[in-house]
Amino acid sequence: MMPCMYVNNLNKGPFVYRAVASALAQTIPCEVLITDAQSTDNSWEEIQRALSNAPLGADHVIRAIRSPVAGFNNFRSFSDHWMWAMDQTKAEWVLQCSSDDYSLPDRAKVCMEAVASNSCSAVA
């Protein structure tokens, strides 16, 4: 069962490179899904730069998509973006990372080990 490392972004150009790079550095194969909610800064360029520097040999499935849902101006638009993004993956487990956060390399591994050894519907 391949988890989805999901990075959502809106106008976080100074931070998004690190978030994407940390998703790409996971030690187990993941679907890496990066969505951009029509940023008006250099976010898309930073996402592309992180993807071009992805480590070789990782068995990740990588997709970066510009969302048709614009902005996170309020809870409704963020929820609409989230629902659209979740329709882009078939993964049973989604590990969310905002674009101004980052994940340690074993995050997906530790979470999936917790799922495998415990009856749960969420891991935090």
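Helices (H or I, at least four residues) and strands (E, at least two) are DSSP runs, numbered from the N terminus. This is a predicted model: local features need pLDDT of at least 70, side-chain atom pairs count only at pLDDT 80 or more, and totals for chains, interfaces and linings use all residues. Residues are numbered from 1 along each chain as its sequence is written, and side-chain values use heavy atoms, without hydrogens or water.

**The largest pocket**

A pocket is an open set of points on a 1 Å grid over the protein atoms alone, where a 1.4 Å probe fits, with protein on both sides within 12 Å along at least five of seven lines; lining residues have an atom within 4 Å of a point. The largest pocket has a volume of about 160 Å³, the space filled by probe spheres set on the points. β4 (94-98) and α4 (107-117) each supply at least two lining residues. β4 gives the most, with three. Among the lining residues are W93, R107 and C111.

**Cysteines and accessibility**

A disulfide is a pair of cysteine sulfur atoms within 2.5 Å. The whole structure has zero disulfides. For C4, the nearest cysteine sulfur is that of C30, 8.3 Å away. The sulfur of C120 is 9.5 Å from the closest one, in C111, too far for a bond.

Buried means under 20% relative accessible area, exposed over 50%, and partly exposed in between (1.4 Å probe, protein chains only).

| Residue | Relative accessibility | Class |
|---|---|---|
| C4 | 0% | buried |
| C120 | 30% | partly exposed |
| P14 | 69% | exposed |

P14 lies in helix α1 (residues 13-24). P14 and I28 are 14 residues apart in sequence and 27 Å apart in space, C-alpha to C-alpha.
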